[in-house]
Structures are given as C-alpha cells and as structure tokens.
Amino acid sequence: MVAASITTPIGKIFQPLLDFVGAVLAFFYSIVPNYPIDVALLTIVIMAALTPLTVKSTKNMAAMQALGPEMKKLQQKYKGADNRTQMNEEMMKLYKEHNVNPASGCLPMLLQMPAFFILYSVIRGMTNTVTVYHTNASGHKVATLVSDPRYIPKNSEMFRNIKAAGGHLNSFGMDFSEKLLSHHGSIWIAIPYLLLVAGAVGLQYLQMSRLNARNPQAAQANPQAAMMQKYMPLIFGFIYLNVAAILNVYFIVSSAIRILTQEILFRKGIVAGPAPAPAPAVGAAGGGTKTGGTKTGGTKTGGTKTGGT
C-alpha cells in the first residue's frame, strides 16, 4: 500500500516522458525495422542530449580524483573525532585553493538519473507481458502470458510487430527478448547472449580503468575506492546476466559513448586535473642566501675590484 502510494504519483509524473521516448523509439523502427539498431539510436540521442551534464560531472570527477592524495594526507594528519572540525576547515581550504566545489558534481548526476531511468524503462517495456485468463474446452481457467509492450504507441508498426511475434524481438538471428540465463536449445545459441554480457562488463571496466589511469596517485591514496571501482563491473555483471539482451545493447552503447566522451574531453584538454597549488615564495626572510653565496653587489665580478692588486 505504502509503496504503491509513492510509486503511482512518480509514474504519473514521468508518464508523458516515457510515452514520448517510446514514440521516438517507434519512429526509429519505422525507418530502420531492427530492434537493437533502434535501441542504439535512441541511446545515442538521449546521451547526446545529456552531454553538457556529462561534461560537467566528468570535470568534477577528474578534479576530485586529482585531489585524492592531498585529501588523504589531511585525513592522516587530522585523525580522530577531536580534529574533525579542523580537518573539515583544511579540506575547504584545499577545495578553494584548487577552485573545486565538491557539491558541483551532484546536481548533474541527479539530473541525469531520471533520463536514464526513462530510457531504461522504455527499452525494458518492449518485453513487457501480461497474464490473460481464458476458459478452455474442459471448462478450466487457463493463464496465458501475452505480449503487451509498454510506452510504445499502440498504432505504431513496432507495437504491432512485437505483438504479432508474441513478444519476441528477433534480429540478427537471435531473440533479443531472451536472457543469457534463459533456456537455450544449445550452447551455440547462448554464445551471442554471453558476448553481450561480456561486452557490457568489459566496457564498464574499461571506462573505470581509463579514468583511473589518468591519475594513478589518486588510486594509490585511496586503495579502497580503487578496489571498489575495479570490482563494480563484476557486480553489475550479475544484473546483466538476468536482463533481456536488448537491455544489454543499451548498456554496451551507453558505456561506449561515455568512454568516447571521456577520451575527447581529456585529449582536447576540456577536462583536466585541477591546477597545482601556488608554490611558496622563494627566499623568504630568515637568513636565505642568494645564488653563489654572496649578496648581489657585494663584490664586482671575480670577487675583487678591477686592478685591485
């Protein structure tokens, strides 16, 4: 009851956007009647629309990662609850010194989440089924699963074809509505599904490793975070095992776009680590000596006056 009262209003808020994205997907199908290609095109369009937010969040992530070693030093220096206030003050000084706002990366990520939720929901809705009850010849009530794509316009060619195929998304000789863990007739039939899962996991791992490779000092300063990033793709791999192949197409394309975006941002210099902190002044008061060990003007060149002896 409580969950329904919360999710129903949220569903009503997103319903127009879900229907709109579903209509865009159906439009792509009317041009290219191929399910994985249409999902790839839709993912590219959504990711392109989110590029400004992606750039901002990537900048913040790179800046915070570059500050990792300095933050680790402050945490080691001000250990204990008694030093927490001073540590926070030093952290804020560090952020200000490098012109980094730790909260600036949260808003872009929060704004992207509804978009990815909508995209995921529309693609998942392609394989939606409903239970229909009917009475057979012997008078017994029988339940049957019937394809009922969600968010796809009911008057579209895509909707009619999915319904006619019984919910099967047949393209490139495989059914993209099936999962890797679905029952397959032979191991050879399961191989394409395995490749999609491996591709999704591999690209996510590559994305993390490329970002960490640009700042190895941060990984050394925070090995726990580095370890979590290393094994996170494997954790998501368990999810990829049990979702329809058409969703793995979305995961692969979105990861590939993120990797390409990061490469462009870093190679073009749009995103880089924060500028180094200003160096302390050289020759501060307190007995510092000048070059050569003597004060300028103390003696003329050679240490003696010309013709002195």
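Visitor: Leaving aside its neighbours within four places in sequence, which residues is Ser147 in contact with?

Guide: Start at strand β2, residues 141-147, where Ser147 lies; helices (H or I, at least four residues) and strands (E, at least two) are DSSP runs numbered from the N terminus. A contact here means heavy atoms within 4.5 Å. Once neighbours within four places in sequence are set aside, the partners of Ser147 are Asn128, Thr129, Ile162, Lys163, Gly166 and Gly167.

This is a predicted model, in which local features need pLDDT of at least 70 and side-chain atom pairs pLDDT 80 or more, while totals for chains, interfaces and linings use all residues. Residues are numbered from 1 along each chain as its sequence is written, and side-chain values use heavy atoms, without hydrogens and water.

Visitor: Does Ser147 count as buried or exposed?

Guide: Buried means under 20% relative accessible area, exposed over 50%, and partly exposed in between (1.4 Å probe, protein chains only). Ser147 has 4% relative accessibility, so it counts as buried.

Visitor: What part of the 309 residues in the protein is buried?

Guide: The protein is built with 11 helices and 4 strands. Among the contacts with a separation of 6 or more, 67% join residues 24 or more positions apart. Out of the 309 residues, the buried part is 34%.

Visitor: Tyr151 and Phe172 have a positive phi without being glycine; which of them is exposed?

Guide: Tyr151 sits in the loop between β2 and α7, with a phi of about 70 degrees, and a relative accessible area of 15% makes Tyr151 buried. The other residue has its place in the loop between β3 (170-171) and β4 (174-175), and its phi is near 55 degrees. At 61% relative accessibility, the exposed one is Phe172.

Visitor: In the largest nonpolar core, which residues touch the most other members?

Guide: A nonpolar core is a set of buried Ala, Val, Leu, Ile, Met, Phe, Trp, Tyr and Cys residues joined through side-chain atoms within 4.5 Å. The largest one holds 45 residues, and the members that touch the most others are Met126, Met158 and Ile246.

Visitor: How many residues are in the second, separate core?

Guide: Ala63, Leu74, Tyr78 and Tyr95 are among its members. The count for this second core is 11.

Visitor: How far apart in space are Ile257 and Met47, C-alpha to C-alpha?

Guide: Ile257 is in helix α11. Apart from residues up to four places away in sequence, Ile257 touches Thr43, Ile44 and Met47. Although 210 residues separate Ile257 and Met47 in sequence, their C-alpha distance is 7.5 Å.

Visitor: Are α2 and α11 oblique or roughly parallel to each other?

Guide: Axes are lines fitted to C-alpha atoms, for helices over the stretch in contact, with angles from 0 to 180 degrees between N-to-C directions. Under 35 degrees is roughly parallel, over 145 roughly antiparallel, 65 to 115 roughly perpendicular, and the rest oblique. The axes of α2 and α11 come within 9 Å and cross at roughly 40 degrees. The pair is therefore oblique.

Visitor: What about α4 and α5: roughly parallel or roughly antiparallel?

Guide: In this pair, Glu70, Met71, Leu74 and Gln75 of α4 meet Met87, Glu90, Met91, Leu94 and Tyr95 of α5. The axes of α4 (residues 68-77) and α5 (residues 84-97) are 10 Å apart, at an angle of about 160 degrees. That makes the two helices roughly antiparallel.
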